[in-house]
Amino acid sequence: MCRGDPRAFLYERLASEIAEQIEQDLYRAGERLPGVRVFSGQRNISAATAVAVYRRLEEDGFIEARPRSGFYVRSRPRIRIPEPDISRPSVRPRAISGQQLAMQLSKATNEPHTVQLGAAVPGPGFLPERAVERALSSAARLHRQRVIGYAFPPGAPELRQQLARRMAECGCHTPADEIIVTSGCQEAMVLALRAVTEPGDVVAIESPTFYGLLQAIDALGLKALEIPTHPRDGLSLEALQLALEQWRVKACILVPNYSNPLGYLMPDERKQRLVALLARHQAALIEDDVYGDIGFSQRRPSVCKAYDEEGMVLYCASFSKTLSPGLRVGWIAPGRYHEKIEYLKYVSNMATATAPQIAVAELLRSGAYERHLRKARGRYARAVERMVEAVDRHFPEGTRVTRPQGGFVVWVELGEPIDTFELSQHLLDRQISIAPGPIFSASQKYRNCMRLSCACEWDDRVERALATIAGLIREGASS
């Protein structure tokens, strides 16, 4: 359920209210909150609800429990390190280059002894392993005949029904019959690009953008048009409008909720303007919402699809960042392109595996998915906060880092003249993985930048790895 929904749990609404008061310094760091009995009396709620409120605030990192003493506002260190400015790419279409390292980065995730700071893959502690295991076992036991057969497009009906409900809660009136299940979000986006473009067409993208999108654009023989992007508000609509007036753009593809790699959240008003702008120019919008469910606030952000009146927004998402990347369950709500997408899905790989679809449907139906999200959001928030603090602590003067309000990656801009492409090679020799900036650009920009994944099990190895990265940066700058 969307976090802003009026049907949300009472304790979540109360936790959100107190969290806002803490952020506004109405409660100061180290201050003791009212005891459970006092708080329940003040709010006219049960003691169990009061405990749930405090536990939620504790999960989200706002307060901490002290044995035999109560709940206290958690002290948060003041971060000195600034954020990056808006990007300034060359706004002209170009072919993709320099994506070979992205495959090497993906392979590094299979190395058990490598400190994984490169690939945006959540560590096991951030995923509901047991719940997924039980759901898969149940699917195999209760649907024996179905799981050994194809779930031809558009996919398992019970899953599409659950997905339609989730989309309705985000303001999208998308019937289950208009949703097509895919093998992850990457396949959904590739299908979307194939449906709305031809080789040689121009596609507008964020800059920097997720390298998987660049690989898809490259594989389909398309040209990328990089648009300046701000780490807080996202893609510049003013720059996009100028580009649309100058070039024949067939589609725009972006991640408006907790973008990868910048982590920005596009405001609702800008989402609405974006959809209207593209519709005026008859350009499709391919919306990747894979991180939308793991924002740190109590309210789930809106989606661009909710403002679509022309059927030109192709909404793509998956459960890779929230349930399990290995399930490979994603989906697309393609609007006016439904028939073409369904056909392309069929001729591409026949169907998405049946058992994971049934398992995910049950996790959604039972409420297990939402219960997991309520815990996961706090874990991701703490992971990002911890990484920003570590970058502030270890990296040299002049470094900038983003402050995302969702997802689990941060974008680091180095003040030193360091080529992070070369740096990443030296780090792999030391069993440390980062994602260098050039793979996030069609023209291999951002050589002094890197993306770090925060969703790792924090231990001494991670702390030492960050110190090693900082040391190599200093050595490179002085050589």
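Close-up 1. You'll find histidine 394 in helix α14, residues 368–394 (helices are DSSP runs of H or I with at least four residues, strands are runs of E with at least two, and both are numbered from the N terminus). The side chains of histidine 394 and glutamate 463 are joined by a polar contact of 2.6 Å. A polar contact here is a pair of N or O atoms within 3.5 Å; within protein, one must be able to donate a hydrogen and the other to accept it, and residues adjacent in sequence count only if both atoms are side-chain atoms. Setting aside neighbours within four places in sequence, histidine 394 is in contact with Glu463, Leu466, Ala467, Ala470 and Arg474 (contact means heavy atoms within 4.5 Å).

A quick note on reading these views: residues are numbered from 1 along each chain as its sequence is written, and side-chain values use heavy atoms, with hydrogens and water left out. Since this is a predicted model, local features need pLDDT of at least 70 and side-chain atom pairs count only at pLDDT 80 or more, while totals for chains, interfaces and linings use all residues.

**Close-up 2. Glutamate 463 and arginine 393.** Glutamate 463 also meets the side chain of arginine 393, in a salt bridge of 2.7 Å, N to O (a salt bridge is a side-chain nitrogen of Lys or Arg within 4 Å of a carboxyl oxygen of Asp or Glu). This pair links distant parts of the chain, with glutamate 463 in helix α16 (residues 460–478) and arginine 393 in helix α14, 70 residues apart. Side chains of opposite charge can pair when their charged atoms come close.

**Close-up 3. Other salt bridges.** By the same rule, the count comes to 21 salt bridges. One of them pairs glutamate 385 with arginine 74, their closest N and O atoms being 3.3 Å apart. Here too, distant parts of the chain are linked: glutamate 385 is in helix α14, and arginine 74 is in the loop between β2 (70–73) and α4 (100–108), 311 residues apart. Arginine 74 is partly exposed, at 26% relative accessible area. Aspartate 177 forms a salt bridge with arginine 160, with 3.7 Å between the closest N and O atoms. Aspartate 177 lies in the loop between α7 (157–169) and β4 (180–182) and arginine 160 in helix α7, so this pair ties together parts 17 residues apart in sequence. Aspartate 177 is exposed, at 58%, whereas arginine 160 is buried, at 8%. There's also a network of salt bridges linking Arg166, Asp289, Asp293, Arg300 and Glu370.

Close-up 4. Phenylalanine 319 is found in the loop between β10 and β11, and it is buried, with a relative accessible area of 2%. Not counting residues up to four places away in sequence, phenylalanine 319 touches Leu163, Ser324, Val329, Trp331, Val360, Leu364 and Tyr369. Arginine 328 sits in the loop between β10 (313–318) and β11 (330–333). Although arginine 328 is not a glycine, it has a positive phi of about 55°; at 34% relative accessibility, it counts as partly exposed.

**Close-up 5. Two cis peptide bonds.** The bond from serine 207 to proline 208 is cis, with omega near 5°, and proline 208 is in the loop between β5 (202–207) and α9 (211–219). The bond from asparagine 260 to proline 261 is cis as well, with omega near 20°. Proline 261 is in the loop between β8 (249–254) and α11 (268–280).

**Close-up 6. Where domain 1 meets domain 2.** The protein chain is divided into domain 1 (10–73), domain 2 (99–125 + 374–475) and domain 3 (127–369), with bounds from an automatic or database domain assignment. At the interface, 7 residues of domain 1 are in contact with 6 residues of domain 2. The two bury about 490 Å² between them, 39% of it on carbon and sulfur atoms (buried area is the accessible area, with a 1.4 Å probe, that two parts lose on being put together, summed over both). In domain 1, Arg56, Glu59 and Asp60 lose the most area to domain 2, together 69% of what that side buries.

Key:
Buried means under 20% relative accessible area, exposed over 50%, partly exposed in between (1.4 Å probe, protein chains only).
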